[in-house]
Amino acid sequence: MAAAATQSTGPSEPTEDVSEDELFEVLANQRRRFAVHLLKREEESLSIGEMAEQIAAWENGVDRAQVTGNDRKRVYTALQQSHLPKMDRVGVIRFNKSRGVVEPTPALENVDLYLDVVEGKEIPWSEYYLGLSGVSAALVIAVWLGTWPFVLLPEIAWTLAVVVAFLFSALAHKYYTTEMKVGHREKPPELQ
């Protein structure tokens, strides 16, 4: 990513590029990640009240109708005073504090964030592919050495088995990453 425009004390001009450091700083906070998800999902401007209500619902694990006034106010205040001004300075959103409106910028549209959420006994995709590569290498060596029972099938069958294993793994990974992209589903990936 290229560096963003020079920072000023006021809101930044719309830009399509945000530096990685600035993007990581924005995404370091869960409320800001929720705001990014919401804006990418809606793809239009939102009132800070709507945003606060939805983020409060996600934080409390309830429907929007069940959000209390105190929870909504707590999120609203934090968004208005801290999170949205920071995101506006970086250039991923445009925040009009006087109107209470938040809108995405071209820079936010270019953020194609994927969260690799690993819970419980799941393994990260990188480790899965390392394991699959190790098993494939062992299989190739066993076939090459003519080890029983690998001699029972022709070498092309084993080659096809390795290719099919990687193909199905890649398809599953593609489906998973699509589901875990910010702004693609109703709830943020970390709440799935």
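This is a predicted model: local features need pLDDT of at least 70, side-chain atom pairs count only at pLDDT 80 or more; totals for chains, interfaces and linings use all residues.

Reader: How many salt bridges does the structure hold?

Author: In general, side chains of opposite charge can pair when their charged atoms come close. The criterion here is a side-chain nitrogen of Lys or Arg within 4 Å of a carboxyl oxygen of Asp or Glu. The number of salt bridges in the structure is seven.

Reader: Is Glu 25 buried, partly exposed or exposed?

Author: Buried residues have under 20% relative accessible area and exposed ones over 50%. Because its relative accessible area is 39%, Glu 25 is classed as partly exposed.

Reader: Which helices are joined by the salt bridge between Arg 74 and Glu 59?

Author: The closest N and O atoms of Arg 74 and Glu 59 are 3.6 Å apart. The pair ties together parts that are 15 residues apart in sequence, because Arg 74 and Glu 59 lie, respectively, in helix α4 and helix α3.

Reader: Which residues are linked with Arg 74 in a network of salt bridges?

Author: Arg 74 also forms a salt bridge with Asp 71, with 3.1 Å between the closest N and O atoms. Both of these residues lie in helix α4, three residues apart, about one turn of the helix. Arg 74 is partly exposed at 39% relative accessibility, and Glu 59 is partly exposed at 26%. The residues linked with Arg 74 in the network are Arg 31, Glu 59 and Asp 71.

Reader: Of what kind is the aromatic pair of Phe 34 and Trp 58?

Author: The count of aromatic pairs comes to six. For Phe 34 and Trp 58, the ring centres are 5.5 Å apart and the planes stand at 70 degrees, so the pair is edge-to-face.

Reader: Are Phe 34 and Trp 58 buried or exposed?

Author: Phe 34 lies in helix α2 and Trp 58 in helix α3 (residues 48–60), so their pair ties together parts 24 residues apart in sequence. The relative accessible area is 0% for Phe 34 and 7% for Trp 58. Because the class requires a value under 20%, Phe 34 is buried and Trp 58 is likewise buried.

Reader: Which residues form one aromatic cluster?

Author: Tyr 128 and Tyr 129 form an edge-to-face pair, 5.5 Å centre to centre and with 75 degrees between the planes. Tyr 128 is partly exposed, with a relative accessible area of 31%. The cluster consists of Trp 125, Tyr 128, Tyr 129 and Tyr 176.

Reader: Which residues gather in a patch of negative charge on the surface?

Author: Glu 44 is found in the loop between α2 (30–42) and β1 (46–47). Its relative accessible area of 48% makes Glu 44 partly exposed. The residues of the patch are Glu 43, Glu 44, Glu 50 and Glu 109.

Reader: What is the area of the nonpolar surface patch that includes Leu 160?

Author: Leu 160 has its place in helix α7 (residues 155–179) and counts as exposed at 54% relative accessibility. Together with Val 164, Leu 167, Phe 168 and Leu 171, Leu 160 makes a nonpolar surface patch of about 490 Å².

Terms used: Residues are numbered from 1 along each chain as its sequence is written. Side-chain values use heavy atoms; hydrogens and water are left out. Patches are made of residues with over 30% relative accessible area and no salt bridge: like charges are joined within 9 Å, nonpolar side chains (Val, Leu, Ile, Met, Phe, Trp, Tyr) within 5 Å. Accessible areas come from the Shrake-Rupley method with a 1.4 Å probe; for residues, only the protein chains shown count as cover. Lys and Arg count as positive and Asp and Glu as negative; His and the chain ends are not counted. The place of a charge is taken as NZ of Lys, CZ of Arg, CG of Asp or CD of Glu. Helices (H or I, at least four residues) and strands (E, at least two) are DSSP runs, numbered from the N terminus. Buried means under 20% relative accessible area, exposed over 50%, partly exposed in between (1.4 Å probe, protein chains only). Rings of Phe, Tyr and Trp (its six-membered ring) pair if their centres lie within 6.5 Å; planes under 30 degrees apart count as stacked, over 60 as edge-to-face and the rest as tilted.
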